[in-house]
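Hi everyone, thanks for coming. Let me put the model up, and then we'll walk through it together.

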Amino acid sequence: MSDIFSQFDPLLGKRLQIMDENGVISADPAVSALRPPELTDELIKQAYEKMLFMKMADQKANNLQRTGRMGTYASIRGQEATQMGAGLVMKPEDWLLPAFRELGIMWLHGIPIENMYSYWMGNEMGSRPPENVNCVPISIVVGSQMLHAVGVGLGMKKKKEQKVAVAFFGDGATSEGDFHEAMNCAGVFKPNTILICQNNQWAISVPRSYQTASTTIAQKAIAYGVPGIQVDGNDLIGMYVAVKTARERAIRGEGITLIEAYTYRLGDHTTSDDAKKYRDPEEVELWKPRDPLIRLQKYLASKNLWTQETEDQLTAKYEKEIEAIVEKAQAIIYNPSDMFDYTYAVLPPQLQAQKEELLRNLPQI
Amino acid sequence: MENPKLNIVEAINLALKQEMERDPSVLIFGEDVGKDGGVFRVTDKLQAQFTEDRVFDSPLGESGIAGMAIGLAMYGFKPVVEVQFDGFYHQMLDQMLQHAARMRNRSRGRYTVPMVVRVPSGGGIKALEHHSESIETFVAHTPGLKVVYPSTPYDAKGLLLAAIRDPDPVIFMEPKRLYRAIKQEVPLEDYIVPIGVANVLQEGTDITVIAWGAMVREAQAAMENLKTNPTTAQYSVELIDLRTISPIDQATIFASVEKTGRLVIVQEAVKSFGPGAEIAALVAEKLLYSLKSPIHRVAAPDITVPYLQAEQWYLPNAQQIQNAITTVMAS
């Protein structure tokens, strides 16, 4: 198999894209051959349906915030293929270390949507994953979780396990010192780790060009002695190939891969943000046709696997499902003693006393 | 086998060695801790015994050390990492405060971070700038962390074993000025000194003196000095080695001050907002009417730790402690 890292050398301005924005598979046989046989049209159809679901669940979270039923929320709109591509590759035994714009991959990795809704509604219990799901709480502190993924991946390597730790982060996170330390340590220790940068071009109001003078984020990998690749993050097939290659490298003991998913934040930074203030509407218009769902619709339609009618049926079905999820999320009650009970394994006596005092005089919310 | 007489460096080394033999999940890493055995030789010979898989040098970056340790700890290992000098703890403060301290809480008990950060601490060895800091306030102010600070070889071994076995992250401060200053019989067998329990080094009825780390030795020197004067030789001083900064042992403090009615607190760190202030506040809240005279704090002034020519003026000393005891006894 040819080495996709030399085939798509970021220093030569190459970006891995297998399906273009019109839903057409590359005419270049060296590129189209990268699509592995297991990624059948039927699997792509199923993936599209999951992307539609996450898009709707994401939109619902925005709506819940707008109607005062949720706190600040960070939308994934536009980045569904990046997360779906990784989700198709990741195995349940792998660990996910997300930032805060990862509803899609977290759901694919096993976090129930109602847990995430409950979390964004203000209850940390939503961050406790189900017992068989390996997903640490989202990292609000930008860029700090990459090092944890290096540590977890190093642990997997020490235990000689065939699994990986996958961290997600944004383009802004690559300006943090911890990104450098994570890349540097990963280069030295070669952990079972994949670092996926969702380069959505904006860190709140600061464009990618202000984060770094590097032409790509992928090329930063080279200085650390690890492979880096820029992928069209809106191309499900390209993302699948990149993450699969990275996972295989990691479990062969070859260490980390930096994947730059070149995508776009179609929405605001969060529900507390208004991107119209700083972002040229023409830029957004430019990206709308590159929507990861639209190109899959075109592709699947060309294979007679998508029609507007099936779309409408799915949408109606998912709407109902998501409504039921909202009800579940709203039924999760915040137990006030939870504020205290997870500070230490055993509460020191003074903390126990503080807990009892606060709970005795708890203000009615 | 007869118990050896060890200094603090040797006692910590013994604890690490024995715990690594007992528990295969214990890992040691940090700057120069491998072949070199650490700049203070605390991890001497451990790499040779346990291989590079379990004792390894890290790239020079404290946030990286802490961040990787958090990942490893969440994944079931027990990392014991070294910060080469106290002043560099701050480069891992973010990871410790935002993640190590909070992971249990944020994941509602699903993920825990049983790691130990060893921090050679404090002044008195004529070191470089940023090499003589007292960081306990920065760490003790963080819910989710525990902070211990032994002053003797016996406590160093027992507290370190307790720290490694603790299910939560522990900052283990080591008084570098005392590293080789004292030898003490240290049991070869397994024992722990529990976290959160202070040690009454000497019982007394007139006045309580609370110290920790290298200041315990200064307080002991002050008590020796008091014996040279017929008046002060009569003072019955109760000396408490705090041993754990957080969670602080309120019960021992309250029992002592209730008995003596007088309190002197000795802290190597700058005076304001430190554990000394916390102890004074606790006593004021609980025992104000038991006090026979105002509480007195002996601490460093609120200035940047001066470089080596001036550190002897800066560091709290036995004479100041002696004066404080005399003042409090007289008022």
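So, where does B:Gly144 lie in chain B? B:Gly144 sits in the loop between helix 6 (136-140) and strand 6 (146-148) of chain B, with helices (H or I, at least four residues) and strands (E, at least two) taken as DSSP runs numbered from the N terminus.

A quick word on conventions: this is a predicted model, where local features need pLDDT of at least 70, side-chain atom pairs count only at pLDDT 80 or more, and totals for chains, interfaces and linings use all residues. Residues are numbered from 1 along each chain as its sequence is written, chains are lettered from A and ligands numbered from 1 in the order in which they are written, and side-chain values use heavy atoms, with hydrogens and water left out.

Back to our glycine. B:Gly144 is buried, at a relative accessible area of 1%; buried means under 20% with a 1.4 Å probe, protein chains only. Beyond its neighbours within four places in sequence, B:Gly144 is in contact with A:Thr343, A:Tyr344, B:Ala101, B:Asp168 and B:Pro169, contact meaning heavy atoms within 4.5 Å.

Now the interface. Here 43 residues of chain B are in contact with 47 residues of chain A. The two chains bury about 3,600 Å² between them, 61% of it on carbon and sulfur atoms; that is accessible area (1.4 Å probe) lost on being put together, summed over both. On the chain B side, B:Tyr75, B:Arg108 and B:Arg110 lose the most area to chain A, together 26% of what that side buries.

B:Arg108 also meets A:Glu124 in a salt bridge, at 2.9 Å from N to O; the criterion is a Lys or Arg side-chain nitrogen within 4 Å of an Asp or Glu carboxyl oxygen.

Key: Buried < 20%, exposed > 50% of the residue type's maximum accessible area, 1.4 Å probe, protein only.
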